Amino acid sequence: MSSVSHFAATSRRIVMLLWLGWVAWLPLPATAHDVAGALNAVGSDTMAELMLRWGEQFEEQRPGVRLQLQVAGSASAPPALIAGTTLLGPMSRPMQDDEKAAFAARHGYAVTPVVVGKDALVVVVNRHNPLERLNRQQLDAIFSDTLACGAEESIDHWQQLGLDDPQGSIHLYGRNAVSGTHGLFRRRALCDGEFKVSVTVSAGSAAVVAAVGDDPRGIGYVGLNHLNADVREVAIADGQRDVRPERQALRDGDYPLVRDLLIYVNRPPETPLPEVERAFLDMVLSPSGQRVVKELGFVALSPSALMAQRRALGLPALAREER
Amino acid sequence: MSDPTSTNPLYRSRQRRDRLATLLITAGGIGVLLTVIAIAVFLLVEVVPLFWPGADGMSLSALWSAPGTSGEAEFRWLPHRLEEGVVAQASLAPLLWGTLEAAIWALIVAIPLALGAAAHSSLYMTPGLRARMKPTLELMEAMPSVVLGFIAGLVLGPWVERHLAEAVSVVLLLPLAMITLALGHRRLPVPVQRYLSLNSAALWLLPCLLLLVLAAVQLAPLWESWWFAGDLREWVEQRWGLDVQARNAMIVGLAMGFAVIPGIYALAEDALSDVPRNLAEGAQAMGATRWQTLTRVMLPIALPGIFSAIMIGAGRAVGETMIVLMASGNSALMTATPLDGLRSLASSIAIELPEAAPGGTHYRLLLLAALALFLFTFLMNTLAELVRARLRQRFRRSRGDT
């Protein structure tokens, strides 16, 4: 055991030396409060482009800082956070309980979730398909054979939805079973049920859009940022009201198929964040950071949610004109 | 000074170089062998914990169990259930079924075409044409399977789905037209027959076939409106309850068939060409037609070689990943309908392994699938190689006799 800790101490010393060498090599910061160094992040590939754009923006603001991003999927963030190789773990799904427990066991405090934006799933049909809306039961009856949301019978033909233009059977398109998109849709739209076996499975959301755009009988689900002109989004009916995945409905939480985009932060309680990470999150949770979220087709946080996140991290409140 | 060459410095350096080359080649060979064994051992080591009693609650029978989610017994591949601790619903059976189905359809497409081409080029073609044709066909093997998969999944599949009648009409008309052409060829006047000789059939037949395909496509709407009320797809659905998916087993079979053809063709052609010339010439000297020579003399002798060619093709079809991944729809169905999608072991590994947590049950299950694929292709190739070696030995002996 002692040899292990000795090894850990040695390796930590080596890392420290390397870090010192790295810092010494960097050009001197121009002004006193500029931060220099490398910013590490390990995690979600859904958020890869988002993180990269934030990284670019951050590097413009603070010359000399470099974002080092590893995107191997959300599942790669918890191990890296637990091992302490990164302080920031972007994830497109919330951490599971066992992942949280493992973090707490290793570090002695809970991991801090920071919601940095939202992603919505939309149900899409071919652009020639006149379908306007589906209610939750219909959606479940189309995609699942477990009918966990309370539908009476499975829907396999377009006629069952009262349409006569796309005739015949419904062709289902979806994502592979281990993707976050698949998991979210299964939990929220199928009420934790199971997909029909006949779903055509694609490895990426763009492929789903392409397939539905090509198939007049097709229906599929994709992330909001993947929509194009070949497909139409379908409103989810909630009682008498149609809910479309529009900004307001997403922000208010009316639209059912929404997930948070998070950055998990390794932050000991009562200690301020290291300067670089703090500055990065400050930028992410600022109007300019949220503009990037919008530009990439995700949904930005509402001003009040933004304030709440900033307060939780101990960041200064935004000036009124900045909001 | 008993042996003058051994003291010659030039000879000695040449000998040293020779020894070095032998050493390097041996090392390379052993290296390859060790790598193959290491891969097998790695897979085994990763897979074995699956079957430790109590560890993951997995047993061999659980892989084949079929507790349906909706009452009736049904094999389902639900890997996300593994993360929730439910092992019973991740059955490898649909994946295995999909793999075999895809391979069988590919072979159904490839075997007649490849063997026909091999027989034609070894027996009918002029040597000059053959010398150019064979490398061209073998060049097809260099076509990346991603490209084939892309064409099949994103161009051909959706086209067939929309133009089912045209596709069916091409598939039905082409063989019929070939037979009619062959029968008609014999009735042609002799000078024309000589001009359009069978030896160079590949050259003049190709434009004819292209025209035929065009005609078949043009005629399709006509007979579709005569017999199927203008919509074959609707008719098929009403009559047989079959639904045409854009990505289905037929499309996979077609694309993978094309991927497999060059391999089968090359080996089968070699096997036919290796049949001692004197046998075929003897048969023809005694009045046998070329068809009789082929079926009675050459095929029986070359049969083991052709068999091994087919086995190599089957091995390739089972392990092929990209084509199945892109053209099959990846729905883990267990139906024999060629118009439904399927999901193979290889494409499941490609899609799911990057996102499976290393060391988890899902990860180990996928590696079990990889091990199964590895063993299957290894077995196929070894068997094919053994058969070929036997065949070669027999030829050598028969040449020695004559």
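What share of the contacts in chain B with a separation of 6 or more is accounted for by residues 24 or more positions apart? The share is 75%, where contact means heavy atoms within 4.5 Å.

## Basis of the model

This is a predicted model, in which local features need pLDDT of at least 70 and side-chain atom pairs count only at pLDDT 80 or more, while totals for chains, interfaces and linings use all residues. Residues are numbered from 1 along each chain as its sequence is written, chains are lettered from A and ligands numbered from 1 in the order in which they are written, and side-chain values use heavy atoms, with hydrogens and water left out.

## Confidence

The predictor assigns the complex an ipTM of 0.75 and a pTM of 0.77. For chain B the average pLDDT (the predictor's confidence in each residue, from 0 to 100) is 83, and 89% of the residues score at least 70.

Where pLDDT is low, the predicted coordinates should not be read in detail.

## Chain B

Chain B comprises 17 helices and zero strands; helices (H or I, at least four residues) and strands (E, at least two) are DSSP runs, numbered from the N terminus. Of its 402 residues, 41% are buried, the term standing for under 20% relative accessible area, with exposed over 50% and partly exposed in between (1.4 Å probe, protein chains only).

Ala90(B) is placed in the loop between H4 and helix H5 (93-123) of chain B. Ala90(B) counts as buried because its relative accessibility is 1%.

## Chain A

The secondary structure of chain A consists of 11 helices and 11 strands. Chain A has 323 residues, of which 50% count as buried. Residues 24 or more positions apart make up 74% of the chain A contacts with a separation of 6 or more.

Asn129(A) is found in the loop between strand E4 (112-126) and strand E5 (133-135) of chain A. With a relative accessible area of 2%, Asn129(A) is buried. A polar atom of the Asn129(A) side chain lies 2.9 Å from the backbone nitrogen of Leu131(A). Beyond neighbours within four places in sequence, Asn129(A) is in contact with Trp158(A), Leu163(A), Pro166(A), Pro216(A) and Arg232(A).

## Interface between the chains

The contact between the chains takes 28 residues from chain A and 32 residues from chain B. Together the chains bury about 2,400 Å², with 44% of it on carbon and sulfur atoms; buried area is the accessible area (1.4 Å probe) that two parts lose on being put together, summed over both. One salt bridge is counted between chain B and chain A, the term requiring a side-chain nitrogen of Lys or Arg within 4 Å of a carboxyl oxygen of Asp or Glu. Arg162(B) and Asp214(A) meet through their side chains in a salt bridge, at 3.9 Å from N to O.

The elements giving two or more residues to the side of chain B that touches chain A are helices H4 (80-83), H7 (145-162), H11 (232-240) and H16 (345-352) of chain B. H7(B) supplies the largest share of that side, four residues.

How values were computed:
Polar contact = N/O pair within 3.5 Å; in protein donor to acceptor, adjacent residues only side chain to side chain.
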